[in-house]
Amino acid sequence: MTAVVLDGIVLGLQFGLLGVGMTLVYGLGGVLNLAYGQAAVLAAMVVAITLGDGAPALVATAAGLLAAAAGGVVIDRTLLRPVYRLRGEHRVLLGLLLTLGVAFVVDGLLLWRYPTGALRLAIGGEAVPILGVRMRVGSLWASGISLAVGAVLWLFFRATTLGRAVRSAIQDEVGARLIGINPAAVRTFIFALSGALAGLVAVTRSMTSPVSVTAGFDFTILALIVAVVGGLGSVAGAFLAGVLLGIISTVSAFYIGQYITTIVLLAAAALTIVMRPRGLLGRQV
Amino acid sequence: MTAEPDAPVDADAAPLGVSARPPRSLARAYWPVAATGALLALVPLWLGEERLMMRLAVDALVFGLYAVGFNVIFGSTNQLFLCVGALAGLGGYAAVILTEEAALPMAAGLVLATALATAVGGLLSWVAVRRSLGVIFTGIVTLTFSLSFANLLLGQRELTGGETGLVVSAGAGFLEDRIAAYYLFLGMLVVFLAVFRALQRSHVGWAFRALRDNELAAELAGVDVARYRVYAGLIGSAMLGITGAVYAHSNEFISPSTFAFGHVDVRVLVMLAFGGLGTLLGPVVGTVVFAVLDEILVDTGQLRTVLYGLLIIVLFLGFKRGVVPAVTDFLHLLARRARSRVGRPS
Amino acid sequence: MLEVSSLSAGYQGKNVVEDIHVEVGAGEAVAIIGSNGAGKTTLFRALCGMLPVSAGQVRFDGANITGRPTHRVARAGLAYVPAERHLFPGMSVRENLVLGAYPGRPDPAAFELVLDLFPRLQERRRQPAGSLSGGEQQMLAVGRALMSRPRLLVLDEPTTGLAPKLATAAYQALHSLKEKGVTLLVAEQQVPLALSLADRGYVLENGRIRLGGASEDLARNPEVRRAYLGVA
């Protein structure tokens, strides 16, 4: 049981980061980015290719994250401009449909060029015993990176001027303008951050299991579930929901079965929307 | 330069779809339905010899039927049901399992399967209305239903055959003939379109339009918005369920991919956006155009996905109302010009 | 310091305010009085780039700021406190104040000034802004605006939703700000309060400036007395 829960936490930390990227973009841009998972896959493919070219892992990872971040910026600055002129549901709906289109384009192009592409970062070494459970080194690296990035994000949002500016723009965009914040610039930054987070999760995932070129949609759905359960727009909520859902997912996979697990996660999102649409932590940012 | 290039402004109230008023006279209201039926009835005369082409034509018609069902739910009452494939699949799998496993007569299986899909769709609609979920949350909840259903199909191997699907052996003999199947689905399309038009013209349709235009105003005018939403959910789901059920019986086999979200829902959404959401003939135009497009793009492989994506982007960015409303407007303009020319004293 | 000349602005091509001339000199307190719907908020929104300007000019510190985006107007030193306040409800009082100094670091002297003026904010510094009472939120909104050490503080109906006692207290705070040399432009329906604070005033009616002059003259003007001071 301990092993299952520990695995759940490893998975959940990554779910959390994935959800944060989704929830930030929604909180700031009012867009549910359905091309989010494609950013992850794009990063994974760039890492795989640069690794194949003989680049060191760190450089390859940096290139991957940069590519995903750039993708986010491009979408924000070009395609989504008309979306930002709309309000309310029209805005979310148009954003949803346009990013769905982007998802198809990216998926199609990647599958066309790299039909069997996959990223697997094998990290060698002896399994390490933790709480009496032998944990693989890849899992430890993945968790360590996720935890560290989570902590850095937390500090960034609490203690830096830019981080506070992001939170303020999510909470009250007019208020943010009034104190001299340019919400459009903050939003572009968040799209870049979101893309990089998706890319990072793809990289940490690949330390325990391969990330294939077809994984985009699954990443998106997972991020959507986590963001919804945590409360759309809530960073802390997404992280909490991620860890929770990670544990639920490994426990249910262990005791019930893999396909039921997906349904359990989906049901968690549906139930959250029906019972408590604000999510676990509401709109605390 | 305007003050804030990025500041949200109250742009056109409804970026998607229109809510055109149907004509009053019976003949003018139904002739497009009859004309559609008559025109499409000619297709087998042209393609009848080619079995493969007829097969594609049947598939196209089935998508047309899905699109009408979705149009009733989303086009009329703005409930974003991202479970078109799942509801059709529910009908399809239920119909096959009921006749093959439970050995029911085919008709009974069809009725029960349709009832099941109707009930599930109605339930989703009821929950969405009860909890006032709005477009996006309705979309997410129905999407989770779609994906759960797909996983259930894969997981419940003994009942559904998992990934490989089910072989449909008890299929009604005449449906194996593609031409017969074509006319059966065409008949259904005519009936669905007639139902859609009748809905538009009825008191319910008036309420639908009112609540599409302005929900609050509709509510104030005494329209029971909630109830009409659920009605639309029930009727549309029934259409999806029966289409899925009949389609399953007309096929040699069904599998999860037959009804997959990426296969059915996305395509229906694009077809309808192209044709014109909420319009009578939007689904028909979408069906025909995409059938032809598929035939042209048949050898492009993955690039077809890319083209689909680009099409979605272009459609929703630049062409929000769809072909049918644009053409209708143009015809109205021509008619008005002609009238004014006649009316002008020489 | 602020010169508004021949300004017209409104919504969807329809002007709500027309041909507005308003001037505010450094160190002055100026009131814009008018009833509900006279166009005070529209005027202020146009000043700080929240609404497109259809004609005329806004000059601030000699620079033409007509139609500049809101955040650039704010950075130029014009701090606008709208009647709806637009605080950041999920952040603490302290964080709201710190953000007021964006993009710089908060200036200790500005902190001191704000906490001196509104000691309540010191008590509540750890509470989320959303949990404050109406009066406290108004204090925080003014305090947040002051954190940027603005050259001009523009307040729209600072007494909105406040009980009479609190409204008076709010104006006492504004009085002491004025004594400290902060330039003020205030829109107000509660005309006696506004005229007691302001050196000069303008009367806005149906989107146009009807009268302008020193506060004492306005207070003596029979029309103003009848319409706004409840004197027959």
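**Entry 1: the sheet of chain C**

I began at a residue pair and found that Gly201(C) stands opposite Gly213(C) in β10(C). Strand β9 (residues 200–205) of chain C and β10(C) run antiparallel and are joined by 6 bridges. I take helices (H or I, at least four residues) and strands (E, at least two) as DSSP runs, numbered from the N terminus, and I count two strands as paired if DSSP finds at least two bridges between them.

I note that this is a predicted model, in which local features need pLDDT of at least 70, side-chain atom pairs count only at pLDDT 80 or more, and totals for chains, interfaces and linings use all residues. Residues are numbered from 1 along each chain as its sequence is written, while chains are lettered from A and ligands numbered from 1 in the order in which they are written.

I then traced the open sheet, in which 6 strands of chain C follow the order β6-β7-β8-β3-β9-β10 with mixed pairing. Its edge strands, each pairing on one side only, are β6 (78–81) and β10 (208–214) of chain C. On average, neighbouring strands of this sheet are turned by 15 degrees against each other, direction ignored. α1(C) packs on the sheet and touches β3 (29–33), β6, β7 (152–156), β8 (184–188) and β9 of chain C. The direction of α1(C) makes about 145 degrees with that of β7(C); axes are lines fitted to C-alpha atoms, for helices over the stretch in contact, and angles run from 0 to 180 degrees between N-to-C directions.

**Entry 2: helix α1 of chain C**

I checked the cover of helix α1 (residues 40–47) of chain C and found 8 of its 8 residues buried. A residue is buried if 20 or more other C-beta atoms, placed from the backbone, lie within 10 Å of its own, exposed if 12 or fewer, and partly exposed in between. Among the buried residues of α1(C) are Lys40(C) and Arg45(C). Just after α1(C), Gly49(C) takes a positive phi of about 75 degrees.

**Entry 3: the contact of chains A and B**

I found 40 residues of chain A in contact with 35 residues of chain B, contact being C-beta atoms, placed from the backbone, within 7 Å. On the side of chain A that touches chain B, the elements giving two or more residues are α4 (81–84), α5 (88–113), α10 (216–230) and α12 (258–275) of chain A. α5(A) gives the most, with 18 residues. I divided the residues of this side of chain A into 32 nonpolar, 4 polar and 4 charged; Ala, Val, Leu, Ile, Met, Phe, Trp, Tyr, Cys and Pro count as nonpolar, Asp, Glu, Lys and Arg as charged, and the others, Gly among them, as polar.

**Entry 4: Gly163 of chain A**

I located Gly163(A) in helix α7 (residues 161–171) of chain A. Gly163(A) counts as partly exposed because it has 16 C-beta neighbours inside 10 Å. Not counting residues up to four places away in sequence, Gly163(A) touches Phe156(A), Phe157(A) and Arg158(A).

**Entry 5: chain B and confidence**

I recorded 15 helices and 2 strands in chain B. Of the 346 residues in chain B, buried residues make up 50%. For confidence, I noted that chain C averages a pLDDT of 92, with 99% of the residues scoring at least 70; pLDDT is the predictor's confidence in each residue, from 0 to 100. The predictor gives the complex an ipTM of 0.90 and a pTM of 0.87.

Conventions: Two residues are in contact if their C-beta atoms, placed from the backbone, lie within 7 Å.
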